[in-house]
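Please walk through this structure chain by chain. Keep the sequence and the 3D view side by side.

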Amino acid sequence: MRDGGRKASVSMGEVGKRHSYIVMGPLEDLRVDGRGCEDYRCVEVETDVVSNTSGSARVKLGHTDILVGVKAEMGTPKLEKPNEGYLEFFVDCSANATPEFEGRGGDDLGTEIANTLYRIFNNKSSVDLKTLCISPREHCWVLYVDVLLLECGGNLFDAISIAVKAALFNTSIPRVRVLEDEEGSKDIELSDDPYDCIRLSVENVPCIVTLCKIGYRHVVDATLQEEACSLASLLVSVTSKGVVTCMRKVGKGSLDPESIFEMMETGKRVGKVLHASLQSVLHKEESLGPKRQKVGFLG
Amino acid sequence: MAMEMRLPVACKPLSERLGQDTKKHLVVPGDTITMDTGFMQGHGMHMEEEKLIVSVAGSLICVKALKPRYIGEAGDIVVGRITEVQQKRWKVETNSGLDSVLLFSPMNLPGGELKRRSTEDELAMTGFLQEGDLIGAEVQAVFSDGAVSLHTRSLKYGKLGQGVLVQVSPSLVKRQKIHFHDLPCGASIYPTPEHKEEEAGGFTANLEPVSLADGEVISWLRNCIISLVTQRTMLYDTSILYCYEASLPRQIKDILKPEIMEEIVMETRQRLLEQEGEGGTPEGQDCGPCRSEDCDVWSPYVAQ
């Protein structure tokens, strides 16, 4: 990426990619920016940044900038799960993120990310969908999760999953009551108190840890340049207890089973620390109360 | 493993941090700057009807591009990447408005001899530099449309080997007489519109793995340069060296954290201030942004 303004961008010598500087670094646990193979860049998380949503979060991971908004709307439960609400994901790769997303260029990546999110949430324990049910077979809450890629600086999946978890933590769904009168017709009444809401439990919401294979080692939280040098990556979706909910391999290169096992173990280990840090930041932010100074987009 | 998550902190505007009271305004092409007759036309604007009236000496207004491109001058040393191999030349990308050109004939071959042009030589030339290679070269001439012609007539130019390339805004790179710097810490730096720190130069790229100690120094310098650029500080050998020394007590990966970055750059600026005294343009140096020797707003370390 080329930027004349405040940022400096880094390129790597393309001569002999296998021997390049970026590939040799991880062997000694020293990457180009001085990090070790299992170190993340500094992450900034802020919730409640968009006012007309039920919940929102913004995550900055190095140069990667993600904004997630959650809107709760009433809908009809799915036929096969009449007692539950559901989540819908939509990912928009903005043309501002990188020139490759101009026009329809970002659609493929957006669909891929959305499908990955569906997969990692497609189990009973991630989000308790029964709390989203209003009246069985008739009404339920549908959470529309919109992900906006503002800037692409490598390691998209991790940043997006952190942002989704933070946004769901921030989501407050209005409490409703179902009133049934003598004729049997139902009426839904919204609570008068604007602060009377249900909060979702995000304890079991998984986060994605991407492990990129560079040379003979694997690294966590790869920058754009490191991703360009990596032939294969493993996406591991891990909960806070270290349980793997889903795993996916991306890239043209191959991975042998031993590497996959090693990468999975690293993913579990790193994932637990990721969840612990995220929980503490979210609780810290909440404890500052409604009077905290919001930084938002103009800070 | 290290994992740090935090809440965002609003950063103070740059002018407040530096304690300056220079006023800056953002303009876009087409804006009227002033109708006042007391100003002289400077760089980056033109006169249209009565909008800017050139008059007697007064203040100078300068319009600076937010994202400037490199404007070549003969004698500059640049680092560029080969984008295309054409019939009699290579096209080199140097972050300027147009691609630069490196002709086959004035090439320095292995062995240090300058070969004369012939058809077999031209075919052999394509084997030396390929698309994607990084080279160091000197600007020979600038064409009327702004495109730049390069040459690698001496042994110190040519293919660049193992190291890190840091791309920065051209306005932050100070023009100096000597461009290749071998810093006391061991790495070499070529300050050009693109920065490069590396261990070996020459015509055939050195692809040997870099040792851990060298690798650490390179990462250190890379992070220092990035922190200087983020804080809008001019880049030259002294500022980079001071920044490196100020950052030594900390860990390499911590340098890029916002508060530590600010601390280190403040320390660097302090040292530079002490070294160069205050105000005015030192002799023999010109202002980075407007290249004037009498610029009143010149500062050795702040690019505005």
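The model is predicted. An unreviewed UniProt entry lists "domain: Exoribonuclease phosphorolytic" for residues 40-174 and 204-269 of chain A. Residues 40-174 of chain A are 22% helix and 38% strand. The end C-alpha atoms of that span lie 36 Å apart. Residues 204-269 of chain A are 29% helix and 39% strand. Here the end C-alpha atoms are 16 Å apart.

Next, look at helix H5 of chain A, residues 257-287. H5(A) has 31 residues. From first C-alpha to last, H5(A) reaches 45 Å, close to the 45 Å expected at 1.5 Å a residue. A:Gly289 follows H5(A), and its phi is positive, near 80°.

Now turn to chain B. It has five helices and 13 strands. Of its 304 residues, 45% count as buried. Take the contacts in chain B between residues at least 6 apart in sequence: 61% of them join residues at least 24 apart. Chain B exposes about 15,600 Å², and carbon and sulfur atoms supply 52% of that area.

Two helices of chain B deserve a look. They are H3(B), residues 212-230, and H5(B), residues 258-276. Their axes come within 10 Å and cross at roughly 85°. An angle of 65 to 115 degrees counts as roughly perpendicular, so H3(B) and H5(B) are roughly perpendicular to each other. Which residues meet between these helices? From H3(B) come B:Ser227, B:Leu228 and B:Thr230. They meet B:Met261, B:Val265 and B:Thr268 in H5(B).

How values were computed:
Residues numbered from 1 in each chain as written. Chains lettered and ligands numbered in written order. Predicted model: local features only at pLDDT ≥ 70, side-chain atom pairs only at ≥ 80, totals over all residues. Heavy atoms only, no water. Helix = DSSP H or I, 4+ residues; strand = E, 2+ residues; numbered from the N terminus. Buried < 20%, exposed > 50% of the residue type's maximum accessible area, 1.4 Å probe, protein only. Contact = heavy atoms within 4.5 Å. Areas by Shrake-Rupley, 256 points an atom, 1.4 Å probe, with all protein chains shown as cover. UniProt positions renumbered as here; feature names shortened; annotations may be inferred. Expected span 1.5 Å × (residues − 1). Axes fitted to C-alpha atoms, helices over the stretch in contact; angles between N-to-C directions. Parallel < 35°, antiparallel > 145°, perpendicular 65-115°, else oblique.
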